[in-house]
Amino acid sequence: MCHPQTHKSQNNSSIVRVCECVFSLCLFPKLRKDTPKELNMTDLCEKMSKGLKSIKPYLAMVSLQFGYAGMYIITMVSFKHGMSHWVLSVYRHVVATIFMAPFALVLERKIRPKMTLPIFLRLAVLGFLEPVLDQNLYNLGMKNTSTTFASATVNILPAITFIMAIIFRLETVNFRKIHSIAKVVGTVVTVSGAMVMTLYKGPAFQLIKGHSSDQHESGSTEPSDQNFVAGTIMLICSCGGWASFFILQSFTLKMYPAELSMTAWICFLGIFEGGIATFIFERDMSVWALGFDSRLLACVYSGIVCSGMAYYVQGVVTRERGPVFVTSFSPLCMIITAALGSIVLAEQTHLGSIIGAIIIVCGLYTVVWGKSKDSVNNTTQNEGQELPIKDATKTGSDIFESVEVNVPSDIKLGGKNVKT
């Protein structure tokens with residue numbers, strides 16, 4: 001006789017499977033025509049569930065681009081209200097640490113490696129590269145240019161990462177293969193687009209009119225040519241810091257394969273390192289004061305969405321689809337930011353920025369195509385060359401989705417060793 005709770009759990013499981021089938025039939029109507037009549041309900045549900053699971057990485061990355069675009073707009077509004085970018089970086093990681101630490105403590109309590117001095121030093125460097133160096137250079141460069149220009153500059157990140165990966169021998173180039181040549185050509189094209197955005201400004205115009213011209217003249221100031229060039233250099237250097245973060249992260253994950261715990265440590269160490277930098281460059285203690293306005297919203301939003309959830313989502317999607325899939329969505333963030341910047345901030349876009357952004361996107365997808373072919377050719381070889389690591393220990397939701405059983409290679413049967 002079965003226990004009543006067993007019947008209840010089976011009923012709940014059946015309800016969930018039926019709901020997945022109904023939702024999947026709405027998303028994939030073609031499967032209703034191609035499905036044989038003799039296919040039973042269980043096989044149909046399994047087929048629909050696989051189709052629904054396949055679109056999860058796309059939904060995650062698209063949602064993440066909206067999150068990043070919102071952060072760019074909110075932080076720029078907070079800067080116009082007197083927010084210091086140094087203080088924003090510190091408060092952002094305070095919120096991220098409070099948000100991520102409980103998940104890391106609970107979900108990775110059994111798989112977290114022991115902390116050693118080499119691991120701690122690498123985490124300390126990671127806490128400087130991204131929370132301090134990258135974010136402050138990016139925010140300072142965005143203040144001297146615009147949110148649209150800054151989001152477009154981020155598209156050179158895959159090219160810089162590829163160059164650094166070659167230097168550290170994480171990537172190889174074989175000029176006898178087309179996909180290797182595509183990576184090199186795409187990198188050159190991407191860097192050329194960044195140079196166009198830096199050296200050529202061109203006439204300015206507004207993509208979407210969200211404010212009147214009087215409001216724009218009184219509430220928005222156009223940066224000078226000197227500040228524009230300096231801001232562009234800062235943005236490119238911030239991408240270099242972010243690329244260095246990916247390089248070091250790939251090595252650190254081999255020693256410390258716990259993504260949630262690593263994220264919590266990076267944010268925690270970034271608080272102290274960013275606080276030291278803030279006390280050096282900001283002598284006025286009043287900059288630490290916050291109110292219930294855009295400054296508080298920028299700290300909470302960027303901490304939870306962009307320093308907490310984004311780190312983990314990118315890690316999970318990278319582990320499933322690889323870094324090529326993750327970086328291919330960055331132009332979407334540029335488009336969303338350009339639209340929101342014109343509506344909310346009444347920003348003007350320069351012709352040189354548009355031309356440079358188009359060149360960068362073309363170079364980006366050339367690199368993406370070469371990397372995708374490269375990853376396909378290397379699936380039967382050593383996958384440890386991927387950047388960042390995507391074979392890390394499973395964490396989070398993956399723990400509950402699958403259980404891996406390791407069968408020993410030698411099994412004794414009747415006193416004899418049999419290899420499986």
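The side chains of R295 and D293 form a salt bridge, with 3.1 Å from N to O. The model is a predicted one, and this pair is the one salt bridge that the structure holds. Side chains of opposite charge can pair when their charged atoms come close. D293 counts as partly exposed because its relative accessibility is 29%, which falls between the limits of 20% for buried and 50% for exposed.

The chain as a whole comes next. It has 17 helices and four strands. Of its 420 residues, 46% are buried. The chain exposes about 22,200 Å², and carbon and sulfur atoms supply 66% of that area. Taking contacts between residues at least 6 apart in sequence, 87% join residues at least 24 apart.

Part of the surface is a nonpolar patch of about 620 Å², made by I163, I167, F168, V191, M195 and L199. Two elements give two or more residues each to this patch: helix 8, which spans 157-167, and helix 9, which spans 178-199. Helix 9 supplies the largest share, three residues. I167 belongs to helix 8. With a relative accessibility of 61%, I167 counts as exposed, because the limit for that class is over 50%.

The largest nonpolar core has 65 residues, and the ones with the most contacts inside it are Y68, Y72, L123, Y138 and M142. When neighbours within four places in sequence are left aside, Y68 is in contact with C306, A310, Q314 and C333.

A101 and L260 are 159 residues apart in sequence, yet their C-alpha atoms are 7.9 Å apart in space. A101 is located in helix 5, which covers residues 85-107.

Key: Residues numbered from 1 in each chain as written. Predicted model: local features only at pLDDT ≥ 70, side-chain atom pairs only at ≥ 80, totals over all residues. Heavy atoms only, no water. Salt bridge = Lys/Arg side-chain N within 4 Å of Asp/Glu carboxyl O. Buried < 20%, exposed > 50% of the residue type's maximum accessible area, 1.4 Å probe, protein only. Patch = residues over 30% accessible without salt bridge, like charges linked within 9 Å, V, L, I, M, F, W, Y side chains within 5 Å. Areas by Shrake-Rupley, 256 points an atom, 1.4 Å probe, with all protein chains shown as cover. Contact = heavy atoms within 4.5 Å. Core = buried A, V, L, I, M, F, W, Y, C linked by side-chain atoms within 4.5 Å.
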